[in-house]
Amino acid sequence: MGNSFLGRPPVFVGVAAVVLTLCVSAIPAASQTIRGRVLDEATGSPIPGTYLELIGIDGEAVRSRISDDDAGFLFSNLDPGYYRLRGERLGYQETASGFVDLDEGETVELEFRMAVEAIVMEPITVVASPRPWYEHMKA
């Protein structure tokens with residue numbers, strides 16, 4: 001008979017190693033999450049469709065997403081560390097939160113508020129000439 005481990009045949013040892021590996025990988029790892037809603041600063045109304053970036057302590061964007069129809073957002077499976085949120089939406093001031101310390105296994109809830117910002121546009125000039133009322137009858 002071939003080599004054995006603690007008197008067991010090699011096939012048994014291999015099967016035991018596979019079972020042990022599957023059991024260890026089935027244990028859920030701690031997951032860090034930042035979630036919340038984007039709200040209008042003055043009214044508290046939800047602001048769906050906001051572009052959000054999660055910024056790390058080094059100032060680089062870690063992840064990005066668009067807030068959902070209920071203005072909710074979720075950043076999951078993050079490494080522990082310091083993060084801040086930056087948001088952009090037409091008609092609102094670009095906004096950044098302060099840094100949040102995300103510990104292992106922690107979920108942080110944020111209420112991300114943005115202030116309305118008027119959009120100043122150049123004047124638009126429309127030039128038109130009248131058409132005779134009967135012109136549409138020509139075929």
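**Entry 1**

I began in S6, where alanine 96 is the bridge partner of arginine 86. The model is predicted: local features need pLDDT of at least 70, side-chain atom pairs count only at pLDDT 80 or more, and totals for chains, interfaces and linings use all residues. Residues are numbered from 1 along each chain as its sequence is written, and side-chain values use heavy atoms, leaving out hydrogens and water.

I noted the terms next. Strands (E, at least two residues) and helices (H or I, at least four) are DSSP runs, numbered from the N terminus. Two strands pair if DSSP finds at least two bridges between them.

S5 and strand S6 (residues 95-96) run antiparallel, joined by 2 bridges. They form a hairpin with 6 residues between the strands. In that hairpin, glycine 91 takes a positive phi near 90 degrees.

I then followed S5 to its other partners. S2 and S5 run antiparallel, with 6 bridges. Here leucine 54 stands opposite leucine 85 in S5. S5 and S7 also run antiparallel, with 3 bridges. Tyrosine 82 stands opposite aspartate 101 in S7.

Buried means under 20% relative accessible area, exposed means over 50%, and partly exposed is in between (1.4 Å probe, protein chains only).

**Entry 2: The whole chain**

I stepped back to count elements. The protein chain has 1 helix and 8 strands. From the N terminus on, the order is α-β-β-β-β-β-β-β-β.

Of its 139 residues, 24% count as buried. Its accessible surface comes to about 10,300 Å² (Shrake-Rupley method, 1.4 Å probe). Carbon and sulfur atoms hold 57% of that surface.

I also looked up contacts, meaning heavy atoms within 4.5 Å. Among contacts between residues at least 6 apart in sequence, 55% join residues at least 24 apart.

**Entry 3: An open sheet and a hairpin**

In what order do the 3 strands of the open sheet stand? The order is S4-S1-S8, and the pairing is mixed. S4 and S8 are the edge strands, and each pairs on one side only. The twist averages 20 degrees from one strand to the next. For such angles, axes are lines fitted to C-alpha atoms (for helices, over the stretch in contact), and values run from 0 to 180 degrees between N-to-C directions.

S1 and S8 run parallel, joined by 8 bridges. Aspartate 40 stands opposite methionine 114 in S8.

I turned to S2 and S3. They pair in the antiparallel sense over 5 bridges. Glutamate 53 stands opposite serine 64 in S3. The two strands form a hairpin with 4 residues between them. In its turn, glycine 59 has a positive phi of about 85 degrees.

**Entry 4: The core**

A nonpolar core is a set of buried Ala, Val, Leu, Ile, Met, Phe, Trp, Tyr and Cys residues joined through side-chain atoms within 4.5 Å. The largest one here has 17 residues. Ile34, Val38 and Phe73 have the most contacts inside it. Strands S1 (32-40), S2 (51-56), S4, S5 (81-88), S7 (100-102) and S8 (107-114) each supply at least two of its residues.

I picked out valine 38.

**Entry 5: Two serines**

Serine 67 lies in the loop between strand S3 (61-66) and strand S4 (72-78). Is serine 67 buried or exposed? It counts as buried, because its relative accessibility is 4%. Its side chain reaches the backbone oxygen of isoleucine 47 at 3.1 Å. Beyond neighbours within four places in sequence, serine 67 is in contact with Val38, Ile47, Pro48, Gly49, Thr50, Leu52 and Gly72.

Serine 31 sits in the loop between helix H1 (10-25) and S1. At 29% relative accessibility, serine 31 counts as partly exposed. Its side chain makes a polar contact with the side chain of asparagine 77 (3.2 Å). A polar contact is a pair of N or O atoms within 3.5 Å; within protein, one must be able to donate a hydrogen and the other to accept it, and residues adjacent in sequence count only if both atoms are side-chain atoms.

Leaving out residues up to four places away in sequence, serine 31 touches Asn77, Gly105 and Glu106. Serine 31 and threonine 107 are 76 residues apart in sequence, and 8.2 Å apart in space, C-alpha to C-alpha.
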